[in-house]
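The following note sets out several points for a colleague who is reading this model alongside its sequence. Each point may be checked against the coordinates.

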Amino acid sequence: MANDPRMTGYLMRALSAEMAAVQQYLTQSSLSAMWQLKEYSGRFRRDAEEELGHAQRLIEHMLMLGIPSNGTQLPPIRPGRSLEEMLLIDRDLEIDVIRLYEEAAHYCARVRAEGLQALFASLLQEELGHLRDLNHLLTEMHQGAIA
């Protein structure tokens with residue numbers, strides 16, 4: 001399994017996506033703090049920590065498989081010019097990683113890589129939860145509950 005180039009590709013893409021999310025959320029945390037949005041600054045900081053935990057889990061699995069953790073294909077940061085724009089950008093990032101994890105989990109199930117399938121399925125569920133949270137915040141914003 002460690003020599004499966006497709007599996008290695010999924011792991012590398014996942015690590016890159018998680019590291020990009022860490023950088024994205026830390027940037028948004030700092031920007032929110034500059035805008036005096038303390039609650040959102042803390043929220044983005046917690047999101048960054050969660051994504052860093054995902055990266056850690058991926059790295060651990062990569063190391064167990066003898067794959068170097070070279071997740072270095074990071075997209076440019078898009079911090080956003082308003083809170084709503086930040087949340088919309090984050091929603092798009094979450095949708096992209098959800099698609100990646102769905103595809104990776106399906107492939108792992110097909111090739112009977114149970115350990116990695118469980119990892120991708122677990123990460124998928126966590127990212128789906130994050131997407132639900134973002135959708136909830138955006139709904140509240142459009143209903144006027146968030147300034």
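1. Please bear in mind that the model is predicted.

2. Helix 2 comprises 27 residues. From its first C-alpha to its last it reaches 39 Å, close to the 39 Å expected at 1.5 Å a residue. For helix 4, with 29 residues, the end C-alpha atoms are 42 Å apart, which agrees with the 42 Å that the helix should span at 1.5 Å a residue.

3. Which residues of helix 2 are buried? They are Tyr40, Ser41, Arg43, Phe44, Asp47, Ala48, Glu51, His54, Ala55, Leu58 and Met62. The buried residues of this helix pack against helix 1, helix 3 and helix 4. As a general point, an α-helix has 3.6 residues a turn, so residues three or four places apart point the same way.

4. Two packed helices are described by the angle between their axes and the distance between the axes. Helix 2 (residues 38-64) and helix 3 (residues 83-110) pack at an angle of about 15 degrees, and their axes are 13 Å apart. Because angles under 35 degrees count as roughly parallel, helix 2 is roughly parallel to helix 3. The crossing of helix 2 past helix 3 is left-handed.

5. The contact of helix 2 with helix 3 involves Tyr40, Phe44, Glu51 and Leu58 on the helix 2 side, and Leu83, Met86, Leu87, Asp90, Glu94 and Tyr101 on the helix 3 side. By class, these residues are seven nonpolar, no polar and three charged.

6. Helix 1 and helix 4 cross at roughly 30 degrees, and their axes come within 12 Å. The two helices are therefore roughly parallel to each other. Helix 1 passes helix 4 in a left-handed crossing.

7. In the contact between helix 1 and helix 4, Met7, Tyr10, Leu11, Ala14, Glu18 and Tyr25 of helix 1 meet Leu116, Phe120, Glu127 and His130 of helix 4. This contact has seven nonpolar, one polar and two charged residues.

8. The C-alpha atoms of Thr8 and Met62 are separated by 8.2 Å, although the two residues are 54 residues apart along the chain. Met62 is itself one of the buried residues of helix 2.

Terms used:
Residues are numbered from 1 along each chain as its sequence is written. This is a predicted model: local features need pLDDT of at least 70, side-chain atom pairs count only at pLDDT 80 or more; totals for chains, interfaces and linings use all residues. Side-chain values use heavy atoms; hydrogens and water are left out. Axes are lines fitted to C-alpha atoms, for helices over the stretch in contact, and angles run from 0 to 180 degrees between N-to-C directions. Helices (H or I, at least four residues) and strands (E, at least two) are DSSP runs, numbered from the N terminus. Angles under 35 degrees count as roughly parallel, over 145 as roughly antiparallel, 65 to 115 as roughly perpendicular and the rest as oblique. A crossing is left-handed if the near helix is turned anticlockwise from the far one by less than a right angle, and right-handed if clockwise. Contact means heavy atoms within 4.5 Å. Ala, Val, Leu, Ile, Met, Phe, Trp, Tyr, Cys and Pro count as nonpolar, Asp, Glu, Lys and Arg as charged, and the others, Gly among them, as polar. The expected span of a helix is 1.5 Å times one less than its number of residues. Buried means under 20% relative accessible area, exposed over 50%, partly exposed in between (1.4 Å probe, protein chains only).
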